[in-house]
Amino acid sequence: MYAIEFETEIKNGTVKIPDQYERLKNGHARIVVLMEEEPEIPAPISFKNGKINAFKDQDGVAVQRELRDEW
(Lines give C-alpha, C1' and ligand atoms only; values in the text may rest on other atoms or scores of the structure.)
Protein backbone atom coordinates (compact mmCIF):
# COMPACT_ATOMS: atom_id res chain seq x y z
CA MET A 1 0.00 0.00 0.00
CA TYR A 2 1.22 3.49 -0.90
CA ALA A 3 0.36 6.47 1.35
CA ILE A 4 0.50 10.21 0.79
CA GLU A 5 -0.46 13.09 3.05
CA PHE A 6 -1.68 16.57 2.22
CA GLU A 7 -3.96 19.22 3.67
CA THR A 8 -6.92 20.68 1.81
CA GLU A 9 -10.33 22.22 2.36
CA ILE A 10 -13.50 20.17 2.04
CA LYS A 11 -16.14 22.18 0.15
CA ASN A 12 -19.65 20.80 -0.30
CA GLY A 13 -18.37 17.31 0.39
CA THR A 14 -15.64 17.52 -2.25
CA VAL A 15 -11.91 17.15 -1.61
CA LYS A 16 -9.58 18.75 -4.15
CA ILE A 17 -6.55 16.63 -4.94
CA PRO A 18 -3.45 18.85 -5.20
CA ASP A 19 -1.92 19.17 -8.67
CA GLN A 20 1.23 17.33 -7.57
CA TYR A 21 -0.92 14.19 -7.14
CA GLU A 22 -2.76 14.55 -10.45
CA ARG A 23 -2.25 10.86 -11.27
CA LEU A 24 -4.57 10.03 -8.35
CA LYS A 25 -7.56 11.87 -9.80
CA ASN A 26 -8.90 8.83 -11.65
CA GLY A 27 -8.39 5.87 -9.41
CA HIS A 28 -9.47 4.04 -6.30
CA ALA A 29 -8.19 5.14 -2.90
CA ARG A 30 -8.86 4.56 0.77
CA ILE A 31 -9.39 7.93 2.43
CA VAL A 32 -8.80 8.74 6.10
CA VAL A 33 -9.99 12.17 7.23
CA LEU A 34 -8.37 13.80 10.27
CA MET A 35 -10.08 16.91 11.63
CA GLU A 36 -8.69 19.49 14.05
CA GLU A 37 -11.97 19.50 15.98
CA GLU A 38 -14.64 16.87 16.32
CA PRO A 39 -17.55 17.75 14.00
CA GLU A 40 -21.01 18.06 15.47
CA ILE A 41 -22.93 15.00 14.32
CA PRO A 42 -26.61 14.95 15.25
CA ALA A 43 -27.77 12.00 17.32
CA PRO A 44 -29.76 9.40 15.38
CA ILE A 45 -33.52 9.56 15.76
CA SER A 46 -34.89 6.73 17.86
CA PHE A 47 -38.56 5.76 18.05
CA LYS A 48 -38.05 3.05 20.69
CA ASN A 49 -39.23 5.08 23.67
CA GLY A 50 -41.92 7.19 22.03
CA LYS A 51 -45.29 6.73 20.48
CA ILE A 52 -46.16 7.70 16.95
CA ASN A 53 -49.65 9.13 16.84
CA ALA A 54 -49.99 9.62 13.11
CA PHE A 55 -53.25 8.07 11.88
CA LYS A 56 -53.96 6.70 15.36
CA ASP A 57 -57.72 7.25 14.94
CA GLN A 58 -57.89 6.20 11.29
CA ASP A 59 -57.81 2.98 9.36
CA GLY A 60 -54.51 2.96 7.43
CA VAL A 61 -55.91 0.88 4.57
CA ALA A 62 -58.88 3.24 4.17
CA VAL A 63 -56.55 6.25 4.07
CA GLN A 64 -54.44 4.58 1.36
CA ARG A 65 -57.50 3.73 -0.73
CA GLU A 66 -58.73 7.30 -0.48
CA LEU A 67 -55.34 8.65 -1.59
CA ARG A 68 -55.26 6.28 -4.55
CA ASP A 69 -58.73 7.34 -5.64
CA GLU A 70 -57.37 10.87 -6.11
CA TRP A 71 -55.03 9.63 -8.84
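Author: Let us begin with a single residue in this predicted model. Lys-25 has a relative accessible area of 41%, so it is classed as partly exposed, since that class lies between under 20% for buried and over 50% for exposed.

Reader: With which residue does Lys-25 form a salt bridge?

Author: A salt bridge requires a side-chain nitrogen of Lys or Arg within 4 Å of a carboxyl oxygen of Asp or Glu. Lys-25 is paired with Asp-19, their closest N and O atoms being 3.9 Å apart.

Reader: Is Asp-19 itself buried or exposed?

Author: Asp-19 counts as exposed, because its relative accessibility is 56%. The side chain of Asp-19 also meets that of Lys-16 in a salt bridge, with an N to O distance of 3.7 Å.

Reader: Which residues make the nonpolar surface patch?

Author: Ile-10, Val-15, Ile-31, Val-33 and Met-35 form this patch, which covers about 500 Å². One of them, Val-33, is exposed because its relative accessible area is 51%. Val-33 sits in the loop between strand E2 (14–15) and helix H1 (60–70).

Reader: How many residues line the largest pocket, and which lie nearest its centre?

Author: The lining comprises 23 residues, with Ile-4, Glu-5, Phe-6, Ile-31 and Val-32 nearest the centre. By class, the lining residues divide into 15 nonpolar, 3 polar and 5 charged. The space in this pocket amounts to about 1,200 Å³. Ile-31 is named both among the residues nearest the pocket centre and in the nonpolar surface patch.

Conventions: Residues are numbered from 1 along each chain as its sequence is written. This is a predicted model: local features need pLDDT of at least 70, side-chain atom pairs count only at pLDDT 80 or more; totals for chains, interfaces and linings use all residues. Side-chain values use heavy atoms; hydrogens and water are left out. Patches are made of residues with over 30% relative accessible area and no salt bridge: like charges are joined within 9 Å, nonpolar side chains (Val, Leu, Ile, Met, Phe, Trp, Tyr) within 5 Å. Accessible areas come from the Shrake-Rupley method with a 1.4 Å probe; for residues, only the protein chains shown count as cover. Helices (H or I, at least four residues) and strands (E, at least two) are DSSP runs, numbered from the N terminus. Buried means under 20% relative accessible area, exposed over 50%, partly exposed in between (1.4 Å probe, protein chains only). On a 1 Å grid over the protein atoms alone, a cavity is a set of points where a 1.4 Å probe fits but cannot get out, and a pocket is an open set with protein on both sides within 12 Å along at least five of seven lines; lining residues have an atom within 4 Å of a point. Grid points are joined across faces, edges and corners, and a volume is the space filled by probe spheres set on the points. Ala, Val, Leu, Ile, Met, Phe, Trp, Tyr, Cys and Pro count as nonpolar, Asp, Glu, Lys and Arg as charged, and the others, Gly among them, as polar.
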